Amino acid sequence: MDARQQELAARIAGRRGAVRGPFRVWLHSPEMCERAESLGAFARFDCSLPRHLRELSLLMAARNWDAQYSWNAHVHQAVEAGIPEAAVKAIAEKREAVFGNDADQAFYQFCREVLEDHFVTDATFARALEHFGAKGLVDTIGALGNFTMLGMCLNTFQVDLQADKEPPFPDVRGHGRVVPGTDPSRP
């Protein structure tokens, strides 16, 4: 690494404990890495959303992009933060998740529509706005965008899938989809 890459790697390791996953890729472009790390840190640690919803947005974007590394790195944090295990399992299986309170359900619906439909209905927007305000919805879009970029990076550059972790999605193995009628234990 050149001096700039070393400086960024030290900063990332200081904030996140080590240079792992996408940062090993992004360091090839120090300017991109610096900006991605800054947005990622905001989305993960500093935005207006409560921790459990930051983690939920990460899981939803990870599943949308089949980003197993992201999912595996955060699934336990999401549960610890208060996301129900049944909802986590439903998201992994691409089923409708159910939450115990209206705010979390509104957040889930908002994120689901953004990721799956690329648009949000007026009713969903109004409901989410009522719970989170304009700032919260802007932060949600920033988080989903950041975690989407993360998933794209992880899959494109085939970042290590943590061999010690169980594959989280029934329809994905390695860096590809399981073809119906084939052996799901093989990529």
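Predicted model: local features only at pLDDT ≥ 70, side-chain atom pairs only at ≥ 80, totals over all residues.

Reply: Cys111 takes part in none, as the nearest cysteine sulfur belongs to Cys47 and lies 11 Å away. Because its relative accessibility is 0%, Cys111 counts as buried. Cys153 is likewise in no disulfide: the sulfur of Cys33, the nearest from a cysteine, is 9.6 Å away, where a disulfide would need the two sulfur atoms within 2.5 Å. With 6% relative accessibility, Cys153 counts as buried.

Now the core. The largest nonpolar core holds 49 residues, and Leu56 and Trp71 have the most contacts inside it. Two or more residues each come from helix H1 (3-16), helix H2 (22-26), helix H3 (30-46), helix H4 (51-64), helix H5 (68-81), helix H6 (85-92), helix H7 (102-117) and helix H8 (122-156). H8 supplies the largest share, nine residues.

Trp71 gives a local view of this packing. Leaving aside residues up to four places away in sequence, Trp71 touches Leu59, Ala62, Arg63, Val88, Ile91, Ala92, Pro168 and Phe169. Of these partners, Val88, Ile91 and Ala92 are among the buried residues of H6. Ala87 and Ala90 are also buried in that helix. The cover over the buried residues of H6 includes H4, H5 and H7. Just after H6, Lys94 adopts a positive phi of about 60°.

Methods
Residues numbered from 1 in each chain as written. Heavy atoms only, no water. Core = buried A, V, L, I, M, F, W, Y, C linked by side-chain atoms within 4.5 Å. Buried < 20%, exposed > 50% of the residue type's maximum accessible area, 1.4 Å probe, protein only. Helix = DSSP H or I, 4+ residues; strand = E, 2+ residues; numbered from the N terminus. Contact = heavy atoms within 4.5 Å.
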